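Dear colleague,

I am handing over the structure below, and after it you will find an account of what came out of the analysis. Please read the account with the structure open beside it.

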Amino acid sequence: MPELVFFSGTMDCGKSTLALQIEHNRSTRGLQGMIFTRNDRAGEGKLSSRLGLVTDSIEAGEGFDFYAHLVAHLSAGRRADYVICDEAQFLAPEQIDQLARIVDDLELDVFAFGITTDFRTKLFPGSQRLVELADRIEVLQVEALCWCGARATHNARTIGGQMVVEGAQVVVGDVNQPESAVGYEVLCRRHHRRRLTAAAAHAAALSPDVLPVDPEESSAGISVPTAAV
């Protein structure tokens, strides 16, 4: 049975990479898919991964009708065996309804990829509708990490390295942006609540702490093991 599958996760967890992998696996078996995206980091009409992979796609802007587009495509005698939609969090709820209708009426698998919550930890309308309608929700298992080393669960918007919690819900940006630009950083819940970004915490890199040394034991002549270099 065809399914509407929602692959969700934070930024930098491999959603677009998985979308490209699904496209590769199915196309090498002779299947033909239609790829949609919106506000991709590589520009209009592109689906890109931070690993450097990129492919052409159809830009699904505001007011775009997925169902009507697929019906016109098939009615013209062209083929479509499945649908991939990246950056689905930016879609309107009615566009998610159209994706569900593609599954139910046209009997095509639809694979949607997106972030669940915004920089304020509020659900994107498109993601909320996907949670309500999807046949299956898959949380990506490739864990993005907070600067502290814990699993990152929240997306933070930053300006000058400092976390901001006000502004429009959709501002296109990316991780690892220059500090002067609007950027994004993934954080664990604890540090998102504290608004503590890597820059704010002066965390340049993850490194293990050295073994603690008890001054009293050292003065008593007790040898203390040292960490290997």
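In what follows, contact means heavy atoms within 4.5 Å, and helices (H or I, at least four residues) and strands (E, at least two) are DSSP runs, numbered from the N terminus. Axes are lines fitted to C-alpha atoms, for helices over the stretch in contact, with angles running from 0 to 180 degrees between N-to-C directions. The model is predicted, so that local features need pLDDT of at least 70 and side-chain atom pairs count only at pLDDT 80 or more, while totals for chains, interfaces and linings use all residues. Residues are numbered from 1 along each chain as its sequence is written, and side-chain values use heavy atoms, with hydrogens and water left out.

The protein chain has six helices and 11 strands. Six strands form an open sheet in the order 5-2-6-7-1-8, with parallel pairing, where two strands pair if DSSP finds at least two bridges between them. At its edges are strand 5 (58-59) and strand 8 (136-139), each of which pairs on one side only. Within the sheet, strand 6 (residues 82-85) and strand 7 (residues 109-114) pair in the parallel sense over four bridges, and C85 stands opposite A112 in strand 7.

Helix 1 (residues 15-27) packs on this sheet, touching strand 1 (4-8), strand 2 (33-37), strand 6 and strand 7, and its direction makes about 160 degrees with that of strand 7. Helix 2 (residues 66-75) lies across strand 2, strand 5 and strand 6, and runs at about 150 degrees to strand 2.

Among contacts in the protein chain between residues at least 6 apart in sequence, 71% join residues at least 24 apart.
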